[in-house]
Amino acid sequence: MGDEQRLTPDAQIREAREAFESGQDFTIAVEEEFALLDPDTLELTNRYEELKAAAAGTELDEHLVGELIASEIEVKTGRCLDFGEAAERMARRREQLAELADQFGVALSSTGTHPWSRWQDQRIIDTPHYRRNNEILQYVVWRNNSFGIHAHIGIRGADRAIAVCNAFRNVLPELLALSASSPFLEDCVTGLHSVRTEIFTKLFPRCGVPDAYEGWGAYEDYVRFLYDTGSIDEHTQIWWSVRPHLAFPTVEVRVCDAQPDLGEAQALAALMHSLGVRFAHALDEGEPLPNLPHRLIEENMWRAIRHGLGGELIDFERGVVVPARARIEALIEWVTPVAQEIGAAPFLAVPESNAAERQYERLAELGSHRDVFAELVRRPRERVGG
């Protein structure tokens with residue numbers, strides 16, 4: 001839903017439902033957001049337009065887009081038929097972006113937040129889509145200097161897509177705990193593992209954990225209400241952590257922090273893809289799936305924000321608290337059969353520590369969060385690009 005979106009609200013909702021009904025099951029596309037940095041100061045730098053213009057006519061061009069601020073850039077795999085193809089494209093897109101950035105003397109980082117650059121120094125991209133967001137949201141959109149990784153999973157059937165979104169709600173905390181990479185913000189050691197989630201979900205309207213919907217009709221009623229009351233238009237959105245996408249027939253999972261390492265980005269995307277397919281199979285076969293109340297999911301979301309992979313999550317089925325790692329390992333075991341079918345199984349893994357934990361470990365050794373970030377950005381290219 002960017003600048004290409006020109007449909008009226010009624011046409012958009014109608015065409016979205018038709019697209020889901022005729023869509024293709026279990027395709028996967030991955031989007032990764034990167035910060036553009038001055039290589040000397042490591043401050044965010046407003047260079048997106050230069051990089052985008054230089055990519056014109058190359059393979060990267062159609063897979064390179066702006067994302068709100070001119071010091072941020074997003075690369076997309078495009079739609080893939082299996083996860084092996086997506087994983088290969090993730091590596092290629094990162095390498096293509098790195099080569100492009102090198103040409104312009106721009107450094108890249110991929111953590112959920114920049115540790116110290118001021119939001120006041122970032123420029124909103126001058127496009128109709130982001131001008132409209134700027135007009136409506138004001139401080140909210142100015143303040144959101146954050147970076148994530150998103151997965152789009154093709155789901156055939158409008159009601160089925162809503163049911164898959166409902167199921168994803170329950171595991172959003174696990175995905176966030178695994179992906180947490182943003183412990184620093186505004187020159188502050190926050191004590192959190194995903195401060196990105198705090199600034200994004202607490203600032204933006206219609207964000208965070210969505211309600212569960214009985215089917216597409218109920219979801220459509222809600223979207224029409226937002227349009228009819230002027231709450232959203234073709235340039236403003238619902239920013240939930242998981243949502244049915246209105247521009248193409250996918251369930252989009254948006255909860256995760258950006259990943260510094262390619263291998264961990266691939267593992268995270270593999271898990272999201274596998275979960276979407278596993279949820280759909282469960283629905284098709286009549287296997288019961290939990291439908292947790294919003295308030296309970298939020299309890300685990302806070303635990304993931306605060307303690308990440310090294311913390312504990314509530315197992316609501318058993319009524320006990322368990323290590324977050326154990327919850328994620330159980331999910332991987334549950335999805336492994338379908339992961340083998342879609343080519344994701346070789347990529348499923350839980351690291352010894354995630355990006356936030358590693359940054360805290362290095363902070364204890366180096367004593368400065370700026371030094372931790374500098375080490376992360378300036379490490380050898382083969383670790384950044386895989």
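Modeller: This is a predicted model. Start with threonine 250, which touches Phe20, His152, Ile153, Gly154, Arg243, Pro244 and His245, leaving aside residues up to four places away in sequence.

Biologist: Is threonine 250 buried or exposed?

Modeller: Buried means under 20% relative accessible area. Threonine 250 has 9%, so it counts as buried. It lies in strand β11, residues 250-257.

Biologist: With which side chain does the side chain of threonine 250 make a polar contact?

Modeller: With that of histidine 152, at 2.9 Å.

Biologist: How is a pocket found?

Modeller: Rolling a probe the size of a water molecule over the atoms shows where empty space is left. Here the second largest pocket holds about 490 Å³ of space. It is lined by 21 residues, and those closest to its centre are Val171, Pro290, Glu317, Arg327 and Leu331. By class, the lining has 13 nonpolar, two polar and six charged residues.

Biologist: Which element gives the largest share of that lining?

Modeller: α12, with four residues. α10 (262-285), β12 (312-315) and α12 (324-341) each supply at least two.

Biologist: How do I check the length of a helix such as α10?

Modeller: Compare the expected span with the distance between the end C-alpha atoms. At 1.5 Å a residue, the 24 residues of α10 should span 34 Å, and the ends are 34 Å apart, which agrees. Of those 24 residues, 20 are buried, so α10 is largely enclosed by the rest of the structure.

Biologist: What follows α10?

Modeller: Glycine 286, with a positive phi near 75°.

How values were computed. Residues numbered from 1 in each chain as written. Predicted model: local features only at pLDDT ≥ 70, side-chain atom pairs only at ≥ 80, totals over all residues. Heavy atoms only, no water. 1 Å grid on protein atoms, 1.4 Å probe; cavity = no way out; pocket = protein on both sides within 12 Å on 5 of 7 lines; lining within 4 Å. Points joined across faces, edges and corners; volume = space filled by probe spheres on them. Nonpolar A, V, L, I, M, F, W, Y, C, P; charged D, E, K, R; others polar. Expected span 1.5 Å × (residues − 1). Buried < 20%, exposed > 50% of the residue type's maximum accessible area, 1.4 Å probe, protein only. Polar contact = N/O pair within 3.5 Å; in protein donor to acceptor, adjacent residues only side chain to side chain. Contact = heavy atoms within 4.5 Å.
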